[in-house]
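Student: I would like to go through the labels attached to this structure and ask what each one rests on.
Tutor: Then take them in turn, each with its value and its definition.

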Amino acid sequence: MKIGLYGMPASGKTYILDRIPFLQTLAGSRLLREGNPEFDSLDERGREKARKALARGLRERHGGEDFIMDGHYAFGEQTVFTEEDGQLYDVFLYLYLSPAVLRARMEGSGKNRNYLQYDIGAWQDREIAGLRQYCHEHDKDFYVLDNPPEDVFGDISDVIGFIREVAEGYSCVSFAARCVEEILGRSRTDTVTLLDGDRTLAVEDSSKEVFGYRTHVFDGEFYTGYQVWKQNREFEGYPVGELEEMPVRLNERIVDGIAGDAFLLTSGHERIWRFIAGELQIPFYGGREMAAETKFFIAKMLQRAGKRVIAYGDSMNDYYMLRQADVGYLVRRPDGSVSGSLRGKDMEGLIYV
């Protein structure tokens, strides 16, 4: 397992690496300069060549080893991420801090002050989007590590705990593959329908309705496996008893339209949705690895297996699945509006319902 820990200058990657006792940690910048003492005086072409050589060398020297290493996707408007970097890592983590926090840190750092000429927020957004797209294209896991509502880490115990679980096998891509294997075994037609749960199949948020659950986990609108992993840890503090009747209002427009091979994919509370799925007699897939990436890869892998995919969803947690599907239905709120998590996203091709 080779893990890339990416993030902006001054985001705190080294601070985290220094506190990981269970994996070999490598410092990318230090290794670059050890191999190329004149690295800082090289032109961009020379630096790119050095970065590619480092990635290739690490693959050759540490081929069978596990490690985590820090890296950069871009510096300002200059993308430095290479295909060799992509091939090196099995998993990409991105350490997110609010642009305001990053700017304040850069202002207090002689080393990083020159980056203040750039739009810090746009730079960070571009890095996250670029890495996420690369991982989608190459079937690799991608997780954004954030800490809303503070948008800075006073305590990194969750980050360290998550990295440990990733090193031990936590994987949205692997979970998607297991789900697809089961779905293919259950499906009997060429078309598979994938259904989100909360605010799609159900009108309300089921966890809020059943036990008053509120969270800041998704405030950053990332919806990667890290956020779902944290949500499931929060769920442990909300035990749910045996349900005897439907706990939410169903979206009849969606329920009435279900036909053929339909499967429920949700990051909602497992016991609640297992009951709802049982009442509707729809196979259910959920849990701590059912993130936006998982849904995307399920759709992609089903298509790879020859299935036509129809998908229903309402938010950023479903966005990549909807865009990947052959037909993507975006479910609007009862007042006709769209989830705020999709603000600024490309909706071309999606069908509103």
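Student: Why is glutamine 227 called buried?
Tutor: Its relative accessibility is 0%. Buried means under 20% relative accessible area, exposed means over 50%, and partly exposed is the range in between, with a 1.4 Å probe and protein chains only. Glutamine 227 therefore counts as buried. The model is a predicted one, in which local features need pLDDT of at least 70 and side-chain atom pairs count only at pLDDT 80 or more, while totals for chains, interfaces and linings use all residues. Residues are numbered from 1 along each chain as its sequence is written, and side-chain values use heavy atoms, with hydrogens and water left out.

Student: Which residues does glutamine 227 touch, leaving out those up to four places away in sequence?
Tutor: They are Val144, Asp146, Val217, Phe218 and Phe222. Contact here means heavy atoms within 4.5 Å.

Student: What makes helix H10 largely enclosed by the rest of the structure?
Tutor: Of the 11 residues of H10, 9 are buried, so the helix is largely enclosed. Glutamine 227 is found in this helix, and the buried set also includes Tyr226, Trp229, Lys230 and Phe235. The cover over the buried residues of H10 includes S7, H7, helix H8 (172-186) and H9. Helices (H or I, at least four residues) and strands (E, at least two) are DSSP runs, numbered from the N terminus.

Student: How do you know that methionine 316 is buried?
Tutor: Its relative accessible area is 2%, so methionine 316 is buried. This residue is in helix H14 (residues 316-324). Its contacts, not counting residues up to four places away in sequence, are Arg132, Glu221, Tyr223, Ala292, Ser341, Leu342 and Lys345. Alanine 292 is 24 residues from methionine 316 in sequence, with 7.3 Å from C-alpha to C-alpha.

Student: Is valine 338 buried, partly exposed or exposed?
Tutor: Valine 338 has a relative accessible area of 27%, so the label is partly exposed. The residue lies in the loop between strand S12 (327-330) and strand S13 (351-352). Not counting residues up to four places away in sequence, valine 338 touches Leu330, Arg332, Arg333, Met347 and Tyr352.

Student: What makes the phi of aspartate 139 worth a remark?
Tutor: Most residues other than glycine have a negative phi, and most peptide bonds are trans. Aspartate 139 has a positive phi, near 55°. It sits in the loop between H6 and S7, and at 26% relative accessibility it counts as partly exposed. Arginine 199 also has a positive phi, near 65°. Arginine 199 is in the loop between strand S8 (191-195) and helix H9 (206-211), and its relative accessible area of 39% makes it partly exposed.

Student: Which two residues does a cis peptide bond join?
Tutor: The bond joins proline 148 and proline 149, and its omega is about 0°. Proline 149 is in the loop between strand S7 (141-145) and helix H7 (157-167).

Student: How much space lies in the second largest pocket?
Tutor: About 730 Å³. Among the 28 lining residues, the closest to the centre are Arg199, Asp205, Thr215, Phe218 and Tyr223. H9 and helix H10 (225-235) are the elements that give two or more residues to this lining. A pocket is an open set of points on a 1 Å grid over the protein atoms alone, where a 1.4 Å probe fits, with protein on both sides within 12 Å along at least five of seven lines; lining residues have an atom within 4 Å of a point. Grid points are joined across faces, edges and corners, and the volume is the space filled by probe spheres set on the points.

Student: Which classes make up the lining of the second largest pocket?
Tutor: It divides into 6 nonpolar, 11 polar and 11 charged residues. Ala, Val, Leu, Ile, Met, Phe, Trp, Tyr, Cys and Pro count as nonpolar, Asp, Glu, Lys and Arg as charged, and the others, Gly among them, as polar.

Student: What is the volume of the largest pocket?
Tutor: About 840 Å³. Its lining has 38 residues, and Ser29, Arg33, His72, Phe75 and Tyr115 are the closest to its centre. H3 gives the most to that lining, with 6 residues.
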